[in-house]
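Subject: Structure for your review

Dear colleague,

Please find below the structure that I am handing over to you.

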Amino acid sequence: MLLHFIFLVKEEELEQRRWEFEYVQKMALFYKTWIEKTFSKTVEVQADEMIAKSGGRFRIVDTPALLLDHESRGTDIFHFYLTYFRPIWTDCTCEGYFADNFGMVQWGKSPQKDDIDYLMEVNCPKVSHELAHEFLRQTGYKNYKELVHDIWDKHLFASVPYEHYDSNFSQTEKDALFATIDTSSIRT
Ligand SMILES: [Zn+2]
């Protein structure tokens with residue numbers, strides 16, 4: 001299966017957010033490894049930018065437009081959108097949404113350039129949240145919503161730390177580059 005990350009970026013922000021897309025490209029490779037380890041699923045990954053033209057009626061601003069884009073690209077591909085808007089409806093508590101072979105999260109805009117820690121701590125865990133829902137669902141796990149939301153609540157309200165991984169995708173607390181939900185209750 002192909003997992004295709006699509007970073008939505010407004011045309012006028014293309015250059016200033018280039019460094020974020022570079023992070024997204026590394027993050028895609030990281031999630032390939034994480035998914036294999038956590039869900040025993042082999043995926044290929046790809047990461048691309050989707051440029052939203054300024055001021056036009058073609059600027060995507062809601063989830064239905066993303067679902068149409070997903071359909072037009074092919075529903076056998078898992079499309080994961082990193083967007084500049086939050087989903088208009090969702091059961092999720094993390095500004096994300098998922099459906100069959102579909103994921104999205106609002107990709108928080110870092111207050112300053114090259115703040116990798118912000119991308120790691122704010123955005124990366126949300127991606128793992130939605131990936132966990134969908135891969136648990138695909139493996140036939142019944143409580144694919146509740147399990148992830150129980151974990152998420154522990155991060156939000158019980159100070160359970162995220163898992164951190166370095167640039168070699170090894171779990172670490174030093175020189176971390178990526179962060180995910182705690183997978184100790186998921187791993188089989
Ligand atoms: Zn959720």
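Two residues are in contact if their C-beta atoms, placed from the backbone, lie within 7 Å. Among the contacts in the chain with a separation of 6 or more, 59% join residues 24 or more positions apart. Please note that the model is predicted.

Overall form. The chain holds four helices and seven strands. Read from the N terminus, their order is β-α-β-α-β-β-β-α-α-β-β. The C-alpha trace spans about 45 × 35 × 30 Å along its principal axes. For 188 residues, a compact globule would have a radius of gyration near 16 Å, and the chain agrees with this because its own value is 16 Å. Of these 188 residues, 34% count as buried.

Helix α4. This helix covers residues 146–157, which makes 12 residues.

Which residues of α4 are buried? They are V148, I151 and W152. Seen down the axis of α4, the buried residues fall within an arc of 100°, and therefore they line one face of the helix. What covers them includes α3, residues 116–138. On the other side of α4, E146, D150, D153 and F157 are exposed. Just after α4, S159 takes a positive phi of about 55°.

Yours sincerely

Definitions and conventions:
Residues numbered from 1 in each chain as written. Predicted model: local features only at pLDDT ≥ 70, side-chain atom pairs only at ≥ 80, totals over all residues. Helix = DSSP H or I, 4+ residues; strand = E, 2+ residues; numbered from the N terminus. Expected span 1.5 Å × (residues − 1). Buried ≥ 20, exposed ≤ 12 C-beta atoms within 10 Å, placed from the backbone. Arc of directions from axis to C-beta. Rg over C-alpha atoms; globule rule 2.2 N^0.38 Å.
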